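Please open the model in your viewer and keep the selection panel at hand.

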Amino acid sequence: MSHSGAAVYKKVSGMLNIEEESSPAILLWRSTDGDKSHKILLNTIDKLQATPATNDKMMLRLVGKVDNSKKQRNNEGEEVVSPPPFYLFSFNNRTVMDNLKETLQHIIARYKDEEVYEEKKRKRVVVGGKKVG
């Protein structure tokens with residue numbers, strides 16, 4: 001099932017499309033003139049934030065996971081934590097934003113559940129051929 005709606009990304013109008021059939025699911029934004037596009041793998045998203053219904057602005061912010069394998073250094077040569085990537089989309093229609101937000105919440109929650117399950121599997125210790133933990 002795919003969901004789509006009009007959204008602005010980096011001050012350019014376009015269409016957001018959620019492709020759940022892909023593995024992992026993909027959020028694809030494409031400008032209305034077709035010149036620009038941006039693809040986000042939804043299993044790399046850590047948080048989803050939305051402006052409240054009481055706010056006139058309608059925005060969704062997706063915050064990505066920090067890749068700890070890529071070490072960065074500051075000017076003094078010390079290792080620093082990279083800030084997480086984020087993607088900010090604005091909307092002109094609250095219903096469109098809410099529908100996309102709800103779909104994204106379900107997909108992101110599903111990936112988080114899978115991560116928790118995999119982490120629990122990794123923590124099990126095999127002792128004498130039996131699983132413990």
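Read from the N terminus on, the elements run β-β-β-β-β-β-β-β-β-α-β-β.

Before selecting anything, note that this is a predicted model, in which local features need pLDDT of at least 70 and side-chain atom pairs count only at pLDDT 80 or more, while totals for chains, interfaces and linings use all residues. Residues are numbered from 1 along each chain as its sequence is written, and side-chain values use heavy atoms, with hydrogens and water left out.

Now show the surface: the protein exposes about 9,400 Å², of which carbon and sulfur atoms supply 50%, the areas coming from the Shrake-Rupley method with a 1.4 Å probe and, for residues, only the protein chains shown counting as cover. Of the 133 residues, 25% are buried, where buried means under 20% relative accessible area, exposed over 50%, and partly exposed in between (1.4 Å probe, protein chains only).

Next, select K10 and K11, both in the loop between β1 (2-9) and β2. K10 has a positive phi of about 50° although it is not a glycine, and phi of K11, likewise a residue other than glycine, is near 65°. Most residues other than glycine have a negative phi, and most peptide bonds are trans. Are these two lysines, K10 and K11, buried or exposed? K10 is exposed because its relative accessible area is 64%, and K11 is exposed because its relative accessible area is 84%.

The strands on either side, β2 and β3, form a hairpin with six residues between them and pair in the antiparallel sense over six bridges, two strands being paired if DSSP finds at least two bridges between them. To see one of these bridges, select E19 together with its partner in β3, I26.

Stay with β3, which is mostly covered, five of its six residues being buried. On to β4 (residues 37-41), with which β3 pairs in the antiparallel sense over five bridges; L27 stands opposite I40 in β4. These two strands also form a hairpin, with five residues between them, and G34 in the turn has a positive phi of about 80°.

Then select T51, in the loop between β5 (45-50) and β6 (59-64). T51 counts as buried because its relative accessibility is 14%. A polar atom of the T51 side chain lies 2.8 Å from the backbone oxygen of K57. Leaving aside neighbours within four places in sequence, T51 is in contact (heavy atoms within 4.5 Å) with K57, M58, M59, R94 and M97.

Finally, show the aromatic side chains. Which residues form the aromatic cluster? Y9, W29 and F89 form one aromatic cluster, and a search of the whole structure finds two aromatic pairs, rings of Phe, Tyr and Trp (its six-membered ring) being paired if their centres lie within 6.5 Å. Last, select R61, which lies over the face of F86 at 4.4 Å from the ring centre; a charge sits over a ring if NZ of Lys or CZ of Arg is within 6 Å of the ring centre and within 35 degrees of the ring normal.

Methods:
Helix = DSSP H or I, 4+ residues; strand = E, 2+ residues; numbered from the N terminus. Polar contact = N/O pair within 3.5 Å; in protein donor to acceptor, adjacent residues only side chain to side chain. Phe/Tyr/Trp six-rings, centres within 6.5 Å; stacked < 30°, edge-to-face > 60°.
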